[in-house]
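Dear colleague,

I am passing on the structure we spoke about, with the sequence alongside. Please open both before reading the notes that follow.

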Amino acid sequence: MTVVKYFLMTSLLFSLVACNGEGTQPGTDEGNDSTDVGIGGENPDDGSNGGTTDGGSNGGTTDGGSNGGTTDGGSNGGTTGGSTGGGTTTPSDGVPTAAKNFKVNITYVNFTAAQKTKYEQAVAIVKKVVASKTFMDSVKNHKYGGKVTYVDNGGKTNATIYQNILDGNEKLNNTKNNTMDVEIELYYANNTTVGYTYANSKRIWVNTKYFNTYTPSKVAGNLFHEWLHKLGYGHASSYSTSRDYSVPYAIGYMISSQGAKL
Ligand SMILES: [Zn+2]
């Protein structure tokens, strides 16, 4: 028995030492050290690009800036009149009813009450921005290389991408329910990955190292970025200027920058 106790003591002491050793960065992520159990082997596939990227996984197609040709130039420019948004009625301001009714359905995993409150602020921002004419116009009029298009757009026009958002048709659900359906799990890791997800999972993992310091509008942008992966949009895994024009990055930025102005 005493031997067992001795070993326990030693390992306790050892782990305390190890924690102190790692914790050389003051101030980050108070109190969440225990949440990263089990994340270790999951290999978030981002990391490398230093700074603040999302780590989103569904990678695959990284056609960088090569999307010449097929995009439909300016044709979705001035069409905000009556006929946007298949099937939905369009009020006089041109924003489809589906944008104004857009819903967000989140399952929270590993959240404290305060973290949940913060996330709910982010959710409110997402809904407000999606409901706005500013958002509709910026999604539809987004340009890359002088054309109305996105990098890595999966062959879709801006208008179709906007409609995909309103449909809320995640690949895994395959139902157009006008709702963002996701699970969010908080974890802590002392690395550069803000969050990540997998193509075959409804869940998005969010690193509290960043989450705890982000403003709600930045959290909102990050959520939207990861969710766009759930709709099937990808981007290059390493940083390039063109990557910022991919669907997840460009529209994620719109959510956070427009959300910050609300
Ligand atoms: Zn991503």
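**Helix 7 against helix 8**

In helix 7, the residues Ser217, Lys218, Ala220, Gly221, Asn222, Phe224, His225, Leu228 and His229 meet a set in helix 8 made up of Val247, Pro248, Tyr249, Ile251, Gly252, Tyr253, Ile255, Ser256, Gly259 and Ala260. Please keep in mind throughout that the model is a predicted one.

As for the geometry, helix 7, which spans residues 216-230, packs with helix 8 at an angle of about 155°, and the two axes are 8 Å apart. Because an angle over 145 degrees counts as roughly antiparallel, helix 7 and helix 8 are described as roughly antiparallel to each other. The crossing in which helix 7 passes helix 8 is right-handed.

**The chain and its sheet**

Taken as a whole, the chain has eight helices and six strands, and its elements follow one another from the N terminus as α-α-β-α-α-β-β-α-β-β-β-α-α-α. Of its 262 residues, 38% count as buried, and among the contacts with a separation of 6 or more, 67% come from residues 24 or more positions apart.

Four of the strands make up an open sheet with mixed pairing, in the order 1-4-6-5. The edges are taken by strand 1 (103-109) and strand 5 (195-197), each of which has a single partner strand, so that one side of each is left without a neighbour in the sheet. From one strand to the next, the twist averages 30°.

Within this sheet, strand 4 (residues 179-187) and strand 6 (residues 203-207) are paired in the parallel sense over five bridges, and Leu186 has Val206 in strand 6 as its bridge partner. Helix 7 also packs on the sheet, where it touches strand 4, strand 5 and strand 6, and its direction makes about 15° with that of strand 5. Helix 3, for its part, lies across strand 1 and strand 4 and runs at about 160° to strand 1.

**Helix 4 and its cover**

One further element deserves a look, namely helix 4 (residues 133-141), in which Phe135, Met136, Ser138, Val139 and Lys140 are buried.

Methods:
Residues numbered from 1 in each chain as written. Predicted model: local features only at pLDDT ≥ 70, side-chain atom pairs only at ≥ 80, totals over all residues. Buried ≥ 20, exposed ≤ 12 C-beta atoms within 10 Å, placed from the backbone. Helix = DSSP H or I, 4+ residues; strand = E, 2+ residues; numbered from the N terminus. Axes fitted to C-alpha atoms, helices over the stretch in contact; angles between N-to-C directions. Parallel < 35°, antiparallel > 145°, perpendicular 65-115°, else oblique. Left-handed = near helix turned anticlockwise from the far one by under 90°. Contact = placed C-beta atoms within 7 Å. Pairing = 2+ DSSP bridges.
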